[in-house]
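Please open the structure in your viewer and keep the selection tool at hand, as this tour moves from one selection to the next.

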Amino acid sequence: MFISKKVVALAATGVLALSVAACGSSADTAGSGGDKAVECNVGISMPTRSLERWINDGEQLQKSLKDAGCKVDLQYADNKTDQQISQIQNQVAGGAKILVIAAIDGKVLTPVLAEAKKQDAVVISYDRLINGSENVDYYATFDNYKVGQLQGQFIEEKLGLKDAKGPFTLEPFAGSPDDNNAKFFFSGAWDVLLPYIESGKLTVPSGKSPASDADWASIGIQGWASDKAQAEMDNRLSSFYTGGSKVDVVLSPNDSLAIGISASLKSAGYKAGTDFPILTGQDADKANVKAILDGTQSMTVWKDTRALGDRVFTMIQEITAGKTVEVNDTKSYDNGKKIVPSFLLDPEVVTKDTVQSKLVDSGFIKASDVGL
Ligand code: BGC
């Protein structure tokens with residue numbers, strides 16, 4: 001289990017001292033008293049432009065930093081690990097003092113982060129944890145376990161699993177095996193759903209039902225690719241749903257997978273409002289919000305990326321001012337070398353009934369973008 005307990009705490013003193021020392025050693029320091037102003041020179045490394053959320057994440061943070069007078073280099077890596085590593089290398093060579101990284105593969109950045117540390121750069125792991133390196137100073141993300149838990153609880157409620165007899169047919173999917181978040185999403189959902197599989201209220205006709213949280217990667221979709229999710233769903237439908245049997249619910253960890261899964265369901269003849277399965281998602285991408293409105297997706301777990309950008313912006317302000325960096329979790333995210341002081345934000349469920357109140361009224365999306 002990957003339960004994250006929220007505690008209000010400040011960063012461990014050692015880590016804090018490291019950051020402050022790191023900031024203090026910048027060539028461009030100025031300031032008076034004990035506090036040292038540090039050059040705000042930030043490298044932002046995002047995984048891909050193929051998903052709306054990363055475009056929003058990167059552009060928003062870049063804007064806040066530029067408005068505050070920082071030097072910013074924003075790069076997208078096309079979901080290619082080598083590309084991301086060389087982009088970060090360039091940022092380090094260009095003198096970045098703070099790196100904000102949403103890793104494609106959380107396990108391969110150790111050498112480049114060691115380079116970054118040679119010039120005392122402070123590293124913030126953005127949304128996804130970077131594993132295996134001591135040189136990760138902070139982690140800012142949404143509560144990833146809770147994302148999955150919200151998806152599992154949504155299914156539990158929609159099917160009335162606590163009272164209903166069942167059995168209902170379920171097809172579960174998991175995210176990219178190289179993304180550290182994916183196991184948290186899966187665990188959160190599976191801790192809710194597995195007991196119902198064990199008691200027979202839920203059945204998984206394809207057999208793609210991990211026996212425990214730990215086996216999640218066996219059903220992971222590499223690169224979070226919509227087309228791979230679609231092909232996998234096509235296979236499951238054509239092999240295991242013959243002779244009129246139907247799938248009642250699909251656990252999709254995010255919106256990009258849900259796009260592929262719903263395309264597959266549509267081509268197999270499932271219709272919104274009649275037999276379309278319950279289908280989960282995450283991110284509130286516009287195409288998926290439209291799908292929620294037209295009944296081909298049941299929910300999305302909304303992570304207001306503006307809040308994440310604001311939080312990282314605050315962290316950067318704290319770092320550059322030599323102040324204590326505020327975190328609220330010092331237990332959940334062990335990257336194999338250390339427990340990374342983290343700030344976890346709260347994800348929320350959005351359904352058809354709350355698209356307007358949560359997404360449109362807050363300005364996250366425009367009504368016209370989703371045909372409202
Ligand atoms: C993010 C999700 C996103 C997925 C695919 C995960 O690490 O937390 O919001 O849907 O990556 O890009």
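**A guided tour**

Begin by selecting R53, which touches Y126, D127, D283, D285, K303, T305 and L308, leaving aside residues up to four places away in sequence; contact here means heavy atoms within 4.5 Å. This is a predicted model, in which local features need pLDDT of at least 70 and side-chain atom pairs count only at pLDDT 80 or more, while totals for chains, interfaces and linings use all residues. Residues are numbered from 1 along each chain as its sequence is written, and side-chain values use heavy atoms, with hydrogens and water left out.

R53 lies in helix α2 (residues 52–67), where helices (H or I, at least four residues) and strands (E, at least two) are DSSP runs, numbered from the N terminus. Is R53 buried or exposed? R53 counts as buried because its relative accessibility is 4%, buried being under 20% relative accessible area with a 1.4 Å probe and protein chains only.

Next, select helix α10 (residues 305–320), whose 16 residues reach 22 Å from the first C-alpha to the last, close to the 22 Å expected at 1.5 Å a residue, that is, 1.5 Å times one less than the number of residues. Among the buried residues of α10 are T305 and L308, both of which R53 touches. Just after α10, look at G322, which takes a positive phi of about 70°.

Finally, select the open sheet of four strands, whose order is β8-β7-β9-β10 with parallel pairing; two strands pair if DSSP finds at least two bridges between them. β8 (202–203) and β10 (278–279) stand at the edges, each with a single partner strand, so one side of each has no neighbour in the sheet. Strands β7 (residues 168–172) and β9 (residues 249–251) run parallel and are joined by three bridges, and the bridge partner of L170 in β9 is V249.

Key. Buried < 20%, exposed > 50% of the residue type's maximum accessible area, 1.4 Å probe, protein only.
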